[in-house]
Amino acid sequence: MFPLLETKRLILRELTKDDAKDIFSCFSNEQVTRFYGQDTLRNMKQAEDLVEFFANNYKEKRGIRWGIERKEAKGIIGTIGFNAWSTKHKRAEIGYEIHPDYWRHGYASEAVSRIITYGFDSMGLTRIGAVVFPDNTASSTLLTKMGFQKEGVLRNYMYQAGIAYDTDVYALLQECQN
């Protein structure tokens, strides 16, 4: 059963086909995808496929992705979750995005904090990593605020619009949470 998580202002829930319109609104926005390592969506079919991709990742225990919904209004404002999930090695990489209409309201911090707790307490993770484009200062700042430490640079690690980019790698260890 897919876990439903809550914070003071947010519901983190399973994505469904009904969310494709909101997913498209988010992932068709170049402000969102410029640091995502994924091409900007051009049609609804791509959004539907992305919802299905997230569902399959969860079924195959490779990742888990929640839709971020405000308690005060229906509709997804972004997604958050874990990629590259390894149960054997007790690690995963965090990833998230929020539609620009909802930037600078603390929603990302609230959602990240909640899934960090879920990752360590319920998934048994001992390491949560993050891969961030160096120019994505908002994400780097958020991760640092949450206790992540920069560990280094992965050279030519991600492609965006056909161009290879270096990325910074961050990590938060469970032992640092106690």
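Buried residues make up 46% of the 178 residues in this protein chain. Keep in mind that this is a predicted model.

Overall shape next. For 178 residues, a compact globule would have a radius of gyration near 16 Å; this chain has 15 Å, which agrees. The C-alpha atoms fill a box of roughly 40 × 40 × 35 Å along the principal axes. The accessible surface is about 9900 Å², and 47% of that belongs to carbon and sulfur atoms.

Now the fold. We have five helices and eight strands. From the N terminus, the order is β-β-α-α-α-β-β-β-α-β-α-β-β. Take the contacts between residues at least 6 apart in sequence: 59% of them join residues at least 24 apart.

On to charges. There are 24 positive and 23 negative charges, and their mean positions sit 3 Å apart. Side chains of opposite charge can pair when their charged atoms come close. How many salt bridges does that give here? The count is eleven.

Start with Glu-6 and Lys-71, at 3.1 Å, N to O. Glu-6 is in strand E1, and Lys-71 is in the loop between strands E3 and E4, so this pair ties together parts 65 residues apart in sequence. Both ends are partly exposed: Glu-6 has a relative accessible area of 47%, and Lys-71 has 40%.

Second, Arg-9 with Glu-110, at 2.7 Å, N to O. Arg-9 sits in the loop between E1 and E2, Glu-110 in helix H4, 101 residues away. Arg-9 is partly exposed at 31%. Is Glu-110 buried or exposed? Buried, because its relative accessible area is 17% and the cut-off is under 20%.

Third, Glu-151 and Arg-127, with the closest N and O atoms 2.7 Å apart. This one links strand E7, which holds Glu-151, to strand E6, which holds Arg-127; the two are 24 residues apart. Glu-151 is partly exposed at 46%. Arg-127 is also partly exposed, at 26%.

Salt bridges with shared partners join Arg-13, Asp-19 and Glu-69. Arg-13 lies in strand E2 and counts as buried, at 17% relative accessibility.

Last stop, Leu-173 in strand E8, residues 163–173. Leu-173 is partly exposed, at 27%. Outside its sequence neighbours, Leu-173 contacts Phe-120, Thr-126 and Arg-127. That is the Arg-127 which bridges to Glu-151.

Key
Residues numbered from 1 in each chain as written. Predicted model: local features only at pLDDT ≥ 70, side-chain atom pairs only at ≥ 80, totals over all residues. Heavy atoms only, no water. Helix = DSSP H or I, 4+ residues; strand = E, 2+ residues; numbered from the N terminus. Buried < 20%, exposed > 50% of the residue type's maximum accessible area, 1.4 Å probe, protein only. Rg over C-alpha atoms; globule rule 2.2 N^0.38 Å. Contact = heavy atoms within 4.5 Å. Areas by Shrake-Rupley, 256 points an atom, 1.4 Å probe, with all protein chains shown as cover. Lys, Arg positive; Asp, Glu negative; His and termini not counted. Charge placed at Lys NZ, Arg CZ, Asp CG, Glu CD. Salt bridge = Lys/Arg side-chain N within 4 Å of Asp/Glu carboxyl O. Lists of a residue's contacts leave out its neighbours within four places in sequence.
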